[in-house]
Amino acid sequence: MRGEGTSMGRQLLKDQTAWISGGASGMGEAIAALFAQEGARVAVADVQEERGQAVAERIASAGGQVFFSLCNVTQEAQVRGSLDQTAARFGGLQIVVNCAGIVHVGPLHEYAEADWELLMGVNLKSIYFSLKHALPHLRRHERSYMVNIGSVGSLISQGLTPAYIASKHAVLGLSRSIALDYAVDGLRCNCICPGITDTPMLRYHLSTTPDPDATLAARLRRVPLGVAMHPPDIARAALYFSCDDSSGVTGTSLVVDGGYIAAAEWETTTPTQFMRNPS
Ligand SMILES: NC(=O)c1ccc[n+]([C@@H]2O[C@H](COP(=O)([O-])OP(=O)(O)OC[C@H]3O[C@@H](n4cnc5c(N)ncnc54)[C@H](O)[C@@H]3O)[C@@H](O)[C@H]2O)c1
């Protein structure tokens, strides 16, 4: 464990422990940082060791209680080990955030079976593993929380990402199902559906197009706020679902997309306040 406590934030997660998959990058990194700032003890679980260690060091140097746990979420034994290690190290586990995700771009008929299996393993099966192996720990607490990162692709489709869209629809369905079956244990389970969010994943996805800047600009014209979401926007939604601010909320989803899926057709032609003054 590095660092002890923090004077920042509202301490909404004081005395809570959170395990965050995909914590080494993008949204997961922002969630880990915000949760630590709010007083949680945080496990950054990821397959990227160097990056994950660096995230843990940054959080610790800001005063957070954190450690990096090397974990490939497609491997059940590793998920179990990482969750057990987190609970042992911090004396319990109340919050599980499933944020690890990958995207595969291409038409379905060109997928190798391994591409399909890997994507479903990272984006979907990992949630089954984390629920199964976190449950003994979560049950020891009166209240516990699972937050799954879906996508606007949990609700609508987009071109050339069939497995991703299928996996994210399933993440929402699975979140609803978990909410029903484990309410008896004090668990609330919810799903966040981010829109276009500026992370390494988005940059990778754009890099598969002939002109990434033009692709991004065209996509952002479809967003009423006119801007990409930033990882802290998603982290604040995760915080809401992981504390009493959302008491009574379970089995639902929160779309954080700048208005992207509010309209079937939309073109932002006038600069918005959000474009002029990004927060
Ligand atoms: N960026 C977007 O526009 C966007 C939009 C909607 C939903 N999402 C979802 O948000 C989540 C976070 O994505 P991001 O945009 O921050 O991407 P990111 O690539 O920055 O972060 C994803 C993290 O998942 C980790 N990961 C991948 N495979 C793993 C494995 N097998 N085991 C453990 N960790 C693994 C990566 O190492 C990385 O740290 C994903 O579930 C993604 O599908 C992203």
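Mentor: Gln-11 lies in the segment before β1. Strands here are DSSP E runs of at least two residues, helices are H or I runs of at least four, and both are numbered from the N terminus. The model is predicted, so local features need pLDDT of at least 70 and side-chain atom pairs count only at pLDDT 80 or more, while totals for chains, interfaces and linings use all residues. Residue numbers start from 1 along each chain as its sequence is written.

Stay with Gln-11 for a moment. Its phi is positive, about 60°, although Gln-11 is not a glycine. Gln-11 is partly exposed, with 14 other C-beta atoms within 10 Å. The scale is simple: 20 or more such atoms make a residue buried, 12 or fewer make it exposed, and anything in between is partly exposed, with C-beta atoms placed from the backbone. Leu-160 also has a positive phi of about 60° without being a glycine. Leu-160 sits in the loop between β5 and α5 (162-181). Leu-160 counts as partly exposed, with 15 C-beta neighbours inside 10 Å.

Now the sheet. It is open, has seven strands in the order β3-β2-β1-β4-β5-β6-β7, and pairs in parallel. Pairing requires at least two DSSP bridges between two strands. The edge strands are β3 (65-70) and β7 (253-256); each has a single partner, so one side of each lacks a neighbour in the sheet. On average, neighbouring strands are turned by 15° against each other, direction ignored. Such angles come from axes, lines fitted to C-alpha atoms (for helices, over the stretch in contact), and run from 0 to 180 degrees between N-to-C directions.

Look closely at β6. Strand β5 (residues 144-149) runs parallel to β6 (residues 187-194), and six bridges join them. Eight of the eight residues of β6 are buried, so the strand is largely enclosed by the rest of the structure. In a regular strand, side chains alternate between the two faces of the sheet. Both faces of β6 are covered. On one side are Leu-187, Cys-189, Cys-191 and Cys-193; on the other are Arg-188, Asn-190, Ile-192 and Pro-194.

What lies over these strands? Helix α4 (residues 113-138) lies across β1 (17-21), β4 (95-98), β5 and β6, and runs at about 175° to β4. Helix α3 (residues 76-90) packs on α4 at about 35°, with axes 9 Å apart. From α3, Glu-76, Val-79, Arg-80, Leu-83 and Ala-87 make the contact. From α4 come Ser-126, Phe-129, Ser-130, His-133, Ala-134 and His-137. Contact means C-beta atoms, placed from the backbone, within 7 Å. By class, the contact has five nonpolar, four polar and two charged residues. Nonpolar covers Ala, Val, Leu, Ile, Met, Phe, Trp, Tyr, Cys and Pro; charged covers Asp, Glu, Lys and Arg; the others, Gly among them, are polar.

Asp-84 is also in α3. Asp-84 is partly exposed, with 15 other C-beta atoms within 10 Å.

Helix α8 (residues 231-241) deserves a look too. Eight of its 11 residues are buried, so α8 is largely enclosed by the rest of the structure. Among the buried ones are Asp-233, Ile-234, Leu-239 and Phe-241. Their cover includes α1, β4, β5, β6 and β7. Ala-228 is in the loop between α7 (212-220) and α8. Ala-228 is partly exposed, with 19 other C-beta atoms within 10 Å. Beyond its neighbours within four places in sequence, Ala-228 contacts Ile-196, Thr-197, Asp-198 and Leu-220.

Last, the ligand. Its shell holds 28 residues, of which Gly-22, Gly-26, Gly-101, Thr-199 and Met-201 come nearest. A residue counts as near if its C-beta atom, placed from the backbone, lies within 6 Å. Helices α1 (26-37) and α6 (200-207) each supply at least two residues of the shell. The shell has 15 nonpolar, 12 polar and one charged residues.

Methods:
Two residues are in contact if their C-beta atoms, placed from the backbone, lie within 7 Å.
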